[in-house]
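Dear colleague,

I am passing on the structure we discussed, and below it you will find my notes on what turned up in it. Please read them alongside the coordinates.

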Amino acid sequence: MGNMSAPVRHMLESLAVEVAEAPPISRRTVELGTLHSPEGVCLPYKLNMGNFLEGLERGADTIVTMCGAGKCRFGFYGAVQQTALAKGREVAFCSLDTERLLPDMYRFLRRAAPAAGRLAVAGSIALAVKKLRALDALNDAKNYFGPRADAPQRIIDLCEYGAGEIALADSFAEVNYSRDLIAGVMGSYCRADAPQPPRVALVGEFYVLLEPYANHWIENALIRQGVEVKKFVRAGGWAYAKTLLQTFGLFNEEREYLEQARPYFSHHVGGDGLKSVGTSLWSARQGYDGIIHAFPFGCMPEIVAQYALKNIVADYGLPLLTLSIDEHASDVGIATRLEAFVDCIKRKKNVT
Amino acid sequence: MTISVGIPRALLFHEFGELWQGFFTNLGIPVSVSAATTKTVLDRGASLAVDESCLPLKLYLGHAESLLGCSSHLFVPRIACYHRDYYLCAKFAGLPDIVRNTFGLSADRLIVPDVDGRRPLCGINAVRTAAGAVGRSTFAGLASLRRALAAWRAQSRADGTAGAKVAVIGHSYILHDPLLGGEILALLAGRNVATATPDDIPAGELYAEAKKFAPAVHWQLSAKLAGATRHFALRPDIAGLVLVSCFGCGPDSLVNEYLEQRVLKACGKPYVIISLDEHTGRAGVATRVEAFWDLVEWRRRL
């Protein structure tokens, strides 16, 4: 899932677990996954399935995945995938419940790496979360500096490079050092007096926003067109909230976004529906120039959110681009709509 | 303005409608329920809804719209979960927000009791909201709910016995709707085929049956379907199973696959999974039901 896999891989390998990482998502992953999935299910399921099958081809014998009980389909992925994968082969299937992520992960690692001590396991989890948060920071820096730089592509490449460095870091200090260094270099590419570029809020479903293959690299495309993107879904922030804060009762997603979403929305609907509404309303009030809502085709919580989003953009006079993505979406189709959307906000910004 | 409450004849109305009607009638509030589904209602709903919404939700919006002119309040409960062990689909939790955002209604025209079985005092709070919205005290509300519940339970129909040949399994709001699953039931009835639906089995039995699945199905309505499928698959007098679903139903898209792999294929009985959408042309459905019934007959002759 985007940048998430590298730190997790490094974490497992540092505990001497042999990892067969699924190859990056490609056309083949999509086709393989679609072939072995129910037709009407959402895109993340199909991509997961493709990842599993390609991972098994590379010799994996245990599949580790996440699963969360709730109103969204994600909570039931594992059950169906397990049945489908068990046909004709021996696979151990381990799913970590997102509601109990820290204890589940700890238990899994203790079993997968029996030689590693308790402290090493706890330390490796903490380092992985730290890395994910550093990657978030780097991505935010890219989104901020990219549209302000003369050559946005250079910032994007720098971010790629930095992500690789951070994934392989062995200590907190190394992570901090790489993050600050790369962010600093990014900053040095920008003029201090660069004008404020148009700002767009990117909201929607977790998986689609985190996996660049699934969202067709929207962020980079926007940066290249000189648009500052604020993405509200972040892997590190999520892992931090779910593992550490939630375990100690310091975080409650529902309470967090409920205040933000009123008066358009007043209840948690599972998945990221409430968050999409809350963050869209926040951005509208902060004077953003447009909202992009991206989610897998048929995503239940996001459809509920869409009813509210339509009203928010109407009330605040904002352009809204809705990207409902399935396995048939093409790079060109998304790019065309994105360009038209950017033209629209740029013209609107110049008029007013 | 005199108070009158409108209840859309869609979604969970088909399970709790009589209870809700009884509650308001006992309080002395006039209740109007929208008329049975017609093509016009569905078309209106489909044009109001976000394109990707599931068919039952589109239908709900159509029904809700037909009530706006004739009632001062709309009753749109927010049922996040009413059974401790299960969730409902996201659309039930968001239903009041969907209705409010679609029609731009002011909050005081909606009666929105919050039903969330995992929260303490949710029952009393729900009654307080519902009774308060029509200007009655919580106490009167509780009394009226007690009477409505007694009447509702007394006429509860499931007896667990239905001499049947074919089991038609689907959400109650699909099977009870004349335009959706009702058509399939009518097709079978037209061929003198006796049918059984999950409603013929007491709910407790269905949940008990559903609990035998591991990992558990965590949507409540889907758990009922899973329990019913397992129940009917094991019953010797059931010769075939029809699974009815709607396009865009999130839980069904996974649970149907799960049931197919784990129950339907294993039980050896003929089965068909029919997915309905809002497009006209019912010949497709009729063809499949007939082909399925031919298969059942053919199997029985063997």
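Does A:Arg234 count as buried, partly exposed or exposed? At 31% relative accessibility, A:Arg234 counts as partly exposed, where buried means under 20% relative accessible area, exposed means over 50%, and partly exposed lies in between (1.4 Å probe, protein chains only).

Before going further, please note that this is a predicted model, in which local features need pLDDT of at least 70 and side-chain atom pairs count only at pLDDT 80 or more, while totals for chains, interfaces and linings use all residues. Residues are numbered from 1 along each chain as its sequence is written, chains are lettered from A and ligands numbered from 1 in the order in which they are written, and side-chain values use heavy atoms, with hydrogens and water left out.

Salt bridges

A search of the whole structure finds 30 salt bridges over all chains, a salt bridge being a side-chain nitrogen of Lys or Arg within 4 Å of a carboxyl oxygen of Asp or Glu. One of them joins A:Asp140 to A:Arg234, with the closest N and O atoms 2.3 Å apart. This pair links distant parts of the chain, since A:Asp140 lies in helix α6 (residues 118-145) of chain A and A:Arg234 in the loop between β4 (228-231) and α12 (235-247) of chain A, 94 residues apart; helices (H or I, at least four residues) and strands (E, at least two) are DSSP runs, numbered from the N terminus. A:Asp140 is partly exposed, with a relative accessible area of 28%.

In chain B, B:Lys58 forms a salt bridge with B:Glu278, the closest N and O atoms being 2.7 Å apart. Here too distant parts of the chain are linked, with B:Lys58 in helix α3 (residues 55-68) and B:Glu278 in the loop between β10 (271-276) and α12 (283-301), 220 residues apart, and both B:Lys58 and B:Glu278 are buried.

Helix α16 of chain A

The 21 residues of α16 (residues 331-351) of chain A should span 30 Å at 1.5 Å a residue, and the end C-alpha atoms are 30 Å apart, which agrees; the expected span is 1.5 Å times one less than the number of residues. The buried residues of α16(A) are A:Ile334, A:Leu338, A:Phe341, A:Val342 and A:Ile345. They cover an arc of only 100° around the axis, which puts them on the same side of α16(A), the arc being that of the directions from the helix axis to the C-beta atoms. On the other side, A:Val332, A:Arg347, A:Asn350 and A:Val351 are exposed.

Around α9 of chain B

B:Phe213, in the loop between α9 (203-210) and α10 (220-234) of chain B, is buried, with a relative accessible area of 4%. Leaving aside neighbours within four places in sequence, B:Phe213 is in contact (heavy atoms within 4.5 Å) with residues including B:Arg230 and B:Tyr258. B:Glu209, in helix α9 of chain B, is buried at 12% relative accessible area and touches B:Arg230 among others, not counting residues up to four places away in sequence.

The interface

Between the chains, 39 residues of chain B are in contact with 38 residues of chain A. The area buried there is about 3,100 Å², of which carbon and sulfur atoms give 64%; buried area is the accessible area (1.4 Å probe) that two parts lose on being put together, summed over both. Across this interface of chain B and chain A the rule finds zero salt bridges.

With kind regards
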